[in-house]
Amino acid sequence: VVAALLLLTACGQETAALPGDGVVVDCSSIATVETENRSALLECLDGKSTIDIGQIKGPALVNVWGSWCGPCKDEMPIFVDFYSKYKDKLSLVGISVEESDAQNARDFIKLYGMSWPNLNDPDGRTRATLGMGVPITLFIDAEGEVTYRKIGVVTSIEELESDTQKYLGVQL
């Protein structure tokens with residue numbers, strides 16, 4: 001009985017996942033711009049293409065996450081909600097970092113219903129550009145410049161809305 005109670009209690013503390021549609025989105029929708037901002041060539045988690053993250057063109061948010069990261073699990077429902085409301089106004093790109101197996105990232109995408117393209121950084125090659133630790137969210141303008149770097153967890157959709165308007169000038 002004690003073991004069953006412990007198991008139920010532990011399950012109750014997990015972040016509630018959103019129902020996924022079972023699809024890992026391809027990266028063909030990621031807009032890029034030819035700039036001097038070359039940094040790290042990453043493979044799309046659908047396995048069909050590669051993108052240099054320094055070439056991502058906005059307005060876009062780039063969310064850096066890991067399936068093993070508790071705070072990333074906490075903020076993912078906020079990103080899912082935000083993207084469902086504003087996908088016609090800006091892009092969202094995910095970057096999964098330091099997964100022991102890319103399938104863990106794909107499973108995370110499906111579990112949380114992440115309907116935007118996601119790249120994979122299996123060995124930490126983006127550290128020099130993005131910094132260490134997750135979650136991190138970058139705000140990228142139309143010229144491909146990072147206008148703001150949010151280090152740490154996003155706590156509300158209102159925070160994302162405010163930062164998007166402030167740092168990208170996108171009216172939501």
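**Before the views.** Helices (H or I, at least four residues) and strands (E, at least two) are DSSP runs, numbered from the N terminus. This is a predicted model, in which local features need pLDDT of at least 70 and side-chain atom pairs count only at pLDDT 80 or more, while totals for chains, interfaces and linings use all residues. Residues are numbered from 1 along each chain as its sequence is written, and side-chain values use heavy atoms, with hydrogens and water left out.

**View 1. The whole protein, to get your bearings.** You can find five helices and seven strands here. The protein has 172 residues, of which 45% count as buried; buried means under 20% relative accessible area, exposed means over 50%, and partly exposed lies in between (1.4 Å probe, protein chains only). Now take the contacts (heavy atoms within 4.5 Å) between residues at least 6 apart in sequence: 68% of them join residues at least 24 apart.

**View 2. Glu161, a buried charge in helix α5.** Look for Glu161 in helix α5, which spans residues 157–168. Lys and Arg count as positive and Asp and Glu as negative, with His and the chain ends not counted. Glu161 is buried, yet has no salt bridge. A salt bridge needs a side-chain nitrogen of Lys or Arg within 4 Å of a carboxyl oxygen of Asp or Glu. For Glu161, the nearest side chain of opposite charge is Lys85, 5.0 Å away. Which residues does Glu161 touch, not counting those up to four places away in sequence? They are Phe82, Tyr86 and Leu172.

View 3. Lys85 does have a salt bridge, with Asp81, at 3.9 Å from N to O. Both residues belong to helix α2 (residues 70–86), where they sit four residues apart, about one turn of the helix. Asp81 counts as partly exposed because its relative accessibility is 32%.

**View 4. Arg127 and Glu98, a link across the sequence.** Side chains of opposite charge can pair when their charged atoms come close. By the rule above, the count of salt bridges comes to four. One of them joins Arg127 to Glu98, at 2.7 Å from N to O. This pair links distant parts of the chain, 29 residues apart: Arg127 is in helix α4 (residues 127–130), and Glu98 is in the loop between β4 (91–97) and α3. Arg127 is partly exposed, with a relative accessible area of 37%, and Glu98 is partly exposed too, at 36%.

**View 5. Asp123 and Arg125, another charged pair.** The closest N and O atoms of Asp123 and Arg125 are 2.9 Å apart, and the two residues form a salt bridge. Asp123 has a relative accessible area of 48%, so this residue is partly exposed. Arg125, with 38%, is also partly exposed.

**View 6. Aromatic rings in pairs.** A pair of aromatic rings is described by the distance of the centres and the angle of the planes. Rings of Phe, Tyr and Trp (its six-membered ring) pair if their centres lie within 6.5 Å; planes under 30 degrees apart count as stacked, over 60 as edge-to-face and the rest as tilted. The count comes to seven aromatic pairs. Among them, Trp65 and Phe108 are stacked, with 4.7 Å from centre to centre and 20 degrees between the planes. Trp65 lies in strand β3 (residues 60–65) and Phe108 in helix α3 (residues 102–112), so their pairing ties together parts that are 43 residues apart in sequence. Are these two residues buried or exposed? Both Trp65 and Phe108 are buried. Ring pairs also link Trp65, Phe108 and Tyr112 into a cluster.

**View 7. Tyr148 and Tyr167, another stacked pair.** The ring centres of Tyr148 and Tyr167 are 4.0 Å apart and the planes meet at 5 degrees, so this pair is stacked. Tyr148 belongs to strand β7 (residues 146–151) and Tyr167 to helix α5, so the pair ties together parts 19 residues apart in sequence. Tyr148 is partly exposed at 24% relative accessibility, and Tyr167 is partly exposed at 23%.

**View 8. Strand β4 and its neighbours.** Six of the seven residues of β4 are buried, so this strand is largely enclosed by the rest of the structure. Two strands pair if DSSP finds at least two bridges between them. β3 and β4 run parallel and are joined by six bridges; Leu61 has Leu92 in β4 as its bridge partner. β4 also pairs with strand β5 (residues 118–121) in the parallel sense, over four bridges, and Val97 stands opposite Asp121 in β5. A crossover is right-handed if, with the strands pointing away from the viewer, the path from the first strand over the helix to the second runs clockwise. β3, α2 and β4 make a right-handed β-α-β unit, and β4, α3 and β5 make a right-handed unit as well.
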